[in-house]
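Here is a briefing for a first look at this structure. Please view the sequence and the model before reading on.

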Amino acid sequence: MLLRDGTEIEDTWVTVADAEMAPVPEGLPDGGVIVPFEVFRELRASRTTNKHGISITNDIDPAVLEDYLDDISLIAIPYPSFADGRGFSLAKRIKKMGFTGTLRATGHVIADQAAFAEACGFDEIKIDDDVAARQSPGDYASARQAFPRAYQTGFSAADQKTSILEARHGR
C-alpha cells in the first residue's frame, strides 16, 4: 500500500533489488526505477532516463548523497520496525540539504507515525503488506487528523502550522 496525503495511490516506480538485475528498464510511463544507492552510483553514467530513484539504509550519512541530489527524483528510506525512528531524522537532514524530490518511507510505518513522517519531510509512505493487513488507508487518514499539532514544524505544505512549543508560548 502506497499513501500520499493519507490517500492510497498507485505506485508507478519499479524497485530493483541489486546490481544483478541491471541494466534497469528504461521508458517507464510515469515513474522510474528505484535502485540501491550503491547501484545508482555505478549505473549513473550509463543511464539515459532522468527518473532516478534510490533506496538507502537508515544509518547512511546523508552527506554522501549531497553531490547526487540533483540527479535523484525519489529517495526511499526503510523502516525495518515501527520502533526504529532513524528514518525521521534522516528525512529532515536530507530535506535541509536541499532535496526537492520525493521522499518515501518504506516498511513498518504505522498509522500513528503518518503525521510525524510528513512533518519530517516524507511525501509518501509505502507500507509493508503485513502492516497493511492490520491498518487500512482510512486508519492512516484518521491518524493524520487526530494529531493536529506537531512538536516540530516540517516541510510539507500540510505542515505549515504552529508547533506544540510555539502554541505553548503563544506564538
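The notes below cover the sheet, a helix lying across the sheet, and a cavity.

This is a predicted model: local features need pLDDT of at least 70, side-chain atom pairs count only at pLDDT 80 or more, and totals for chains, interfaces and linings use all residues. Residues are numbered from 1 along each chain as its sequence is written, and side-chain values use heavy atoms, with hydrogens and water left out.

**The sheet**

- Eight strands form an open sheet with mixed pairing, in the order S2-S1-S8-S7-S6-S5-S4-S3.
- At the edges are strand S2 (7-9) and strand S3 (14-15), each pairing on one side only.
- Strands here are DSSP runs of E with at least two residues, helices are runs of H or I with at least four, and both are numbered from the N terminus.
- Two strands pair if DSSP finds at least two bridges between them.
- S3 runs parallel to strand S4 (residues 33-36), with two bridges.
- Valine 14 has valine 33 in S4 as its bridge partner, and threonine 15 stands opposite isoleucine 34 in S4.
- S4 is joined in turn to strand S5 (residues 52-55) by four bridges, and these strands run parallel.
- Here valine 35 has isoleucine 54 in S5 as its bridge partner.

- Alanine 76 stands opposite arginine 104 in S7.
- S7 is largely enclosed by the rest of the structure, because five of its six residues are buried (under 20% relative accessible area, with a 1.4 Å probe and protein chains only).
- Helix H2 (residues 86-96) lies across strand S6 (74-79) and strand S7 (102-107), and runs at about 160° to S6.
- Such angles run from 0 to 180 degrees between N-to-C directions, with axes fitted to C-alpha atoms, for helices over the stretch in contact (heavy atoms within 4.5 Å).

**The cavity**

- The whole structure holds one cavity of 30 Å³ or more.
- A cavity is a set of points on a 1 Å grid over the protein atoms alone, where a 1.4 Å probe fits but cannot get out; lining residues have an atom within 4 Å of a point.
- The largest cavity holds about 60 Å³ of space, the volume being that filled by probe spheres set on points joined across faces, edges and corners.
- Its lining includes Leu3, Asp5, Phe122 and Arg144.
- Strand S1 (2-4), helix H3 (114-119), strand S8 (124-127) and helix H5 (137-146) each supply at least two lining residues.
- By class, five lining residues are nonpolar, one is polar and six are charged. Ala, Val, Leu, Ile, Met, Phe, Trp, Tyr, Cys and Pro count as nonpolar, Asp, Glu, Lys and Arg as charged, and the others, Gly among them, as polar.

Technical notes. On a 1 Å grid over the protein atoms alone, a cavity is a set of points where a 1.4 Å probe fits but cannot get out, and a pocket is an open set with protein on both sides within 12 Å along at least five of seven lines; lining residues have an atom within 4 Å of a point. Buried means under 20% relative accessible area, exposed over 50%, partly exposed in between (1.4 Å probe, protein chains only).
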